[in-house]
Structure formats: structure tokens, C-alpha cells
Amino acid sequence: MLYVLIILFSAIAQYFGPWWLMPIVCFVLCLWKADAALKAFGVAFFAAATLWLGYASYQHFVNEGLIGQKVADIFKIPNVLVLVVITTLIGGIVSGFAGMAGYYCRRALV
């Protein structure tokens with residue numbers, strides 16, 4: 001349930017705002033709902049990674065890979081697939097730590 005909530009609220013937040021709203025959503029939802037630190041990290045990581053992987057794949061196919069290839073060339077990355085994987089991992093790690101921080105904040109307050 002937490003996984004679906006993170007994906008839903010993060011997608012809405014990122015549609016209207018910047019990328020850094022996703023870790024805030026993960027923090028708040030894990031503050032409210034997470035049962036353990038490892039679960040909070042894992043659920044937030046995989047939810048954010050799924051969302052960013054889906055959106056990066058969608059953008060790649062919509063513009064036929066042109067923007068992805070240009071960004072990969074700027075960062076000297078050999079392949080657009082590597083760029084998508086790096087993007088997915090960065091979004092997942094940032095959100096995973098935000099979710100874990102939310103869980104630990106709830107533990108500190110209770």
C-alpha cells in the first residue's frame with residue numbers, strides 16, 4: 001500500500017513541481033506509515049525508481065531518444081540506457097534515504 005501511495009503522490013507532486021518533491025513525499029508517507037527502517041528504505045527506493053524509470057522510458061520513446069542521447073553526450077556516457085539506469089538509481093537512493101529518515105523521525109518523536 002505504501003508503495004502505491006508513494007508512486008501516486010510523487011507522480012502528482014512532480015507533475016506540478018520540481019524533482020525534489022518526491023523525497024519529501026517519501027519522507028512524509030514513511031513518517032506516517034512505515035513499519036521498519038529497512039522496509040521504509042526499500043519501499044521508497046523501489047517506488048521512486050519505478051516512477052523515474054517509467055518516466056525516463058516514456059520521455060525516451062516520445063522524443064525518439066534525441067534528448068537522452070544529447071544528455072548522454074554532455075556527460076560522456078556511452079549509452080542512453082546507462083543514463084536511464086543512473087537516473088533511476090539516483091532517484092531511488094535519494095528517496096530511499098528520505099523514507100528511512102521519515103521512519104527514524106517518527107521513532108524519535110514517539
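Trainee: Okay, leucine 83. Buried or exposed?

Mentor: Leucine 83 is buried, because its relative accessibility is 13% and the cut-off for buried is under 20%. Keep in mind that this is a predicted model.

Trainee: Which helix is leucine 83 in?

Mentor: Leucine 83 sits in helix α5.

Trainee: And how far is leucine 83 from alanine 72?

Mentor: In space, 6.3 Å, C-alpha to C-alpha. Along the sequence, leucine 83 and alanine 72 are 11 residues apart.

Trainee: Let's zoom out. How many helices and strands are there in the protein chain?

Mentor: The protein chain has 5 helices and 0 strands. Read along the sequence, the pattern is α-α-α-α-α.

Trainee: What does the C-alpha trace span?

Mentor: About 50 × 25 × 20 Å along its principal axes.

Trainee: How much of the chain counts as buried?

Mentor: Of the 110 residues, 37%.

Trainee: Which residues touch the most other members in the largest nonpolar core?

Mentor: That core has 20 residues. Leu2, Ile6, Met22, Cys26, Leu29, Cys30 and Ala34 touch the most other members. Helices α1, α2, α3 and α5 each supply at least two residues of this core. The helix that gives the most is α3, with 8 residues.

Trainee: Now the outside. Which residues form the nonpolar patch on the surface?

Mentor: Trp19, Trp20, Ile24, Val28, Val82, Ile86, Ile90 and Val94. Together they have about 710 Å² of accessible area.

Trainee: Where does the largest share of that patch come from?

Mentor: From α5, with 4 residues. Both α2 (21-33) and α5 (80-109) supply at least two residues each.

Trainee: What about tryptophan 19, where is its place?

Mentor: Tryptophan 19 is in the loop between α1 (2-16) and α2. It counts as partly exposed because its relative accessibility is 48%.

Trainee: Switching to charges. How many salt bridges are there?

Mentor: The count comes to 1 salt bridge. Aspartate 35 and lysine 39 meet through their side chains at 3.2 Å, N to O.

Trainee: Is that pair covered up or out in the open? Start with aspartate 35: buried or exposed?

Mentor: Aspartate 35 counts as exposed, at 56% relative accessibility. Lysine 39 counts as partly exposed, at 42%.

Trainee: Let's do a loop. Where is the place of asparagine 63?

Mentor: In the loop between α3 (37-62) and α4 (66-74). Asparagine 63 is buried, because its relative accessible area is 18% and buried means under 20%.

Trainee: What does the side chain of asparagine 63 reach?

Mentor: Two backbone atoms come up here. One is the backbone oxygen of glutamine 59, at 3.1 Å. Another is the backbone nitrogen of glycine 65, also at 3.1 Å.

Trainee: What's the phi of glutamate 64?

Mentor: Near 60°, a positive value in a residue other than glycine. Most residues other than glycine have a negative phi. Glutamate 64 lies in the loop between α3 and α4. With a relative accessible area of 69%, glutamate 64 is exposed.

Trainee: What about the phi of lysine 76?

Mentor: Lysine 76 has a positive phi of about 60°, and it is not a glycine. It lies in the loop between α4 and α5. Lysine 76 is exposed, at 72% relative accessible area.

Trainee: Last one. Where is the place of threonine 50?

Mentor: In helix α3. Threonine 50 is partly exposed, with a relative accessible area of 38%.

Trainee: And how far apart are threonine 50 and tyrosine 3?

Mentor: They are 47 residues apart in sequence. In space, threonine 50 and tyrosine 3 are 9.9 Å apart, C-alpha to C-alpha.

Methods: Residues numbered from 1 in each chain as written. Predicted model: local features only at pLDDT ≥ 70, side-chain atom pairs only at ≥ 80, totals over all residues. Heavy atoms only, no water. Patch = residues over 30% accessible without salt bridge, like charges linked within 9 Å, V, L, I, M, F, W, Y side chains within 5 Å. Areas by Shrake-Rupley, 256 points an atom, 1.4 Å probe, with all protein chains shown as cover. Salt bridge = Lys/Arg side-chain N within 4 Å of Asp/Glu carboxyl O. Buried < 20%, exposed > 50% of the residue type's maximum accessible area, 1.4 Å probe, protein only. Polar contact = N/O pair within 3.5 Å; in protein donor to acceptor, adjacent residues only side chain to side chain. Core = buried A, V, L, I, M, F, W, Y, C linked by side-chain atoms within 4.5 Å.
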